[in-house]
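I opened my notebook to look this structure up piece by piece.

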Amino acid sequence: MGAIKWGWHGLDITLDLFQRTHDRGKGWSEHSHEFYEVFWIEEGYCLHRLNGEAALLGRGDMVFLIPGDRHSGEAVKSDRMVHVNLSLEKSTLERIREHYAIGDDLWPWQTNRSRTLRLTERQIQILGNLRETVDCQSRLDHDLFVLQLLKFLKDPLENSMDGLPDWLRESLRTFHDRRLYGRGVEGLAGLSGYSREYISRIVKSKLNKSTTELIRDIRFEGILHLLRHTDRPLLEIADDFGFRSTAYFYKCFKDRYGQTPAKYRKNYRSKTADTSFH
């Protein structure tokens, strides 16, 4: 394991948070555990293997792990890699989920959905500020830390634009409302009046992602809204958001959320009905 820069463990509250630094070529060997975990990269690159599948992670990439997962990590490309790791006992996480009535759509510790998230620079800063001020003996502080992670998942559209200049935020909202996704980055550039190269530099510096990734995030937020709150046919939704075919729409959606659009809609409606009944 790499050197621990700092860390805390709450007595009687089984939750651990720590930061480790690994030199290039070093990391952690494959292992599994019976608790929940989430980690994110703050510096450098990590070759991460999760249940036999490899992925290159960079600054801001966050991964949610469930009991039974097997994973390993190695610092690559740069001289060192820094990651922050949060471990939570089952009982701690189950208590938080039950107490705050958190639904499946905001719960990343699931096998049937994507368990990765790209943090913006501002979100990395928020987590950094939280960990510097957290009281490791406070159940409230522990809950707030976990709830902040979940809040990043709550409103992808606003999160995706967090930290951008006003003119670009307004252009993205208009881009979203006009359903210009088929025109991609060129469409956004034409709408904003700035070059795609200039926009790409701003998005990369502020959000640590490409403009294409940003547009994809906004696109899927609009899709989720229609699936949740309308009965629009899937063929129309796919066409509205610039997909070349319904089959391709299904594939992209399932790759991102671990289920088909039809199943997502059905599950969301069922959960909403259950909540309304109670």
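**Entry 1: His229 and its neighbours**

I started with His229, which is in contact with Tyr268 and Arg269 once its neighbours within four places in sequence are left aside; contact means heavy atoms within 4.5 Å. I found His229 in helix H8. Helices (H or I, at least four residues) and strands (E, at least two) are DSSP runs, numbered from the N terminus. From His229 to Tyr268 I count 39 residues in sequence, and their C-alpha atoms are 9.5 Å apart in space.

**Entry 2: Ground rules and confidence**

I note that this is a predicted model, in which local features need pLDDT of at least 70 and side-chain atom pairs count only at pLDDT 80 or more, while totals for chains, interfaces and linings use all residues. Residues are numbered from 1 along each chain as its sequence is written, and side-chain values use heavy atoms, with hydrogens and water left out.

The pLDDT is the predictor's confidence in each residue, from 0 to 100. I looked up its mean for the protein and got 82, with 87% of the residues reaching 70 or more. Where is confidence lowest, and where is it highest? The lowest is in strand E1 (residues 3-9), at a mean of 50, and the highest is in strand E8 (residues 70-76), at 95. I also marked residues 274-278, where pLDDT stays under 50 and the model has 0 contacts beyond four places in sequence.

**Entry 3: H8 meets H6**

Back to H8, which covers residues 211-229. Its axis comes within 9 Å of the axis of helix H6 (residues 184-192), and the two cross at roughly 90°. Axes here are lines fitted to C-alpha atoms, for helices over the stretch in contact, and angles run from 0 to 180 degrees between N-to-C directions. H6 and H8 are therefore roughly perpendicular to each other; angles under 35 degrees count as roughly parallel, over 145 as roughly antiparallel, 65 to 115 as roughly perpendicular and the rest as oblique. I listed Gly184, Val185 and Leu188 on the H6 side of the contact, and Thr211, Thr212 and Ile215 on the H8 side. By class these are 3 nonpolar, 3 polar and no charged residues. Ala, Val, Leu, Ile, Met, Phe, Trp, Tyr, Cys and Pro count as nonpolar, Asp, Glu, Lys and Arg as charged, and the others, Gly among them, as polar.

**Entry 4: H1 meets H3**

Next I checked helix H1 (residues 90-99) and helix H3 (residues 139-154), whose axes come within 11 Å and cross at roughly 75°. H1 and H3 are therefore roughly perpendicular to each other. Leu93, Arg95 and Ile96 of H1 make the contact with Arg139, Asp143, Val146 and Leu147 of H3. This contact has 4 nonpolar, no polar and 3 charged residues.

**Entry 5: Gln148, buried or exposed?**

Gln148 belongs to helix H3. Gln148 is buried, because its relative accessible area is 18%; buried means under 20%, exposed over 50%, and partly exposed in between (1.4 Å probe, protein chains only). Its contacts, leaving aside neighbours within four places in sequence, are Ile126, Leu127 and Leu130.

**Entry 6: Asp23**

I found Asp23 in strand E2 (residues 15-23). Asp23 is exposed, because its relative accessible area is 51%. Not counting residues up to four places away in sequence, Asp23 touches Ala75, Asp79 and Arg80.
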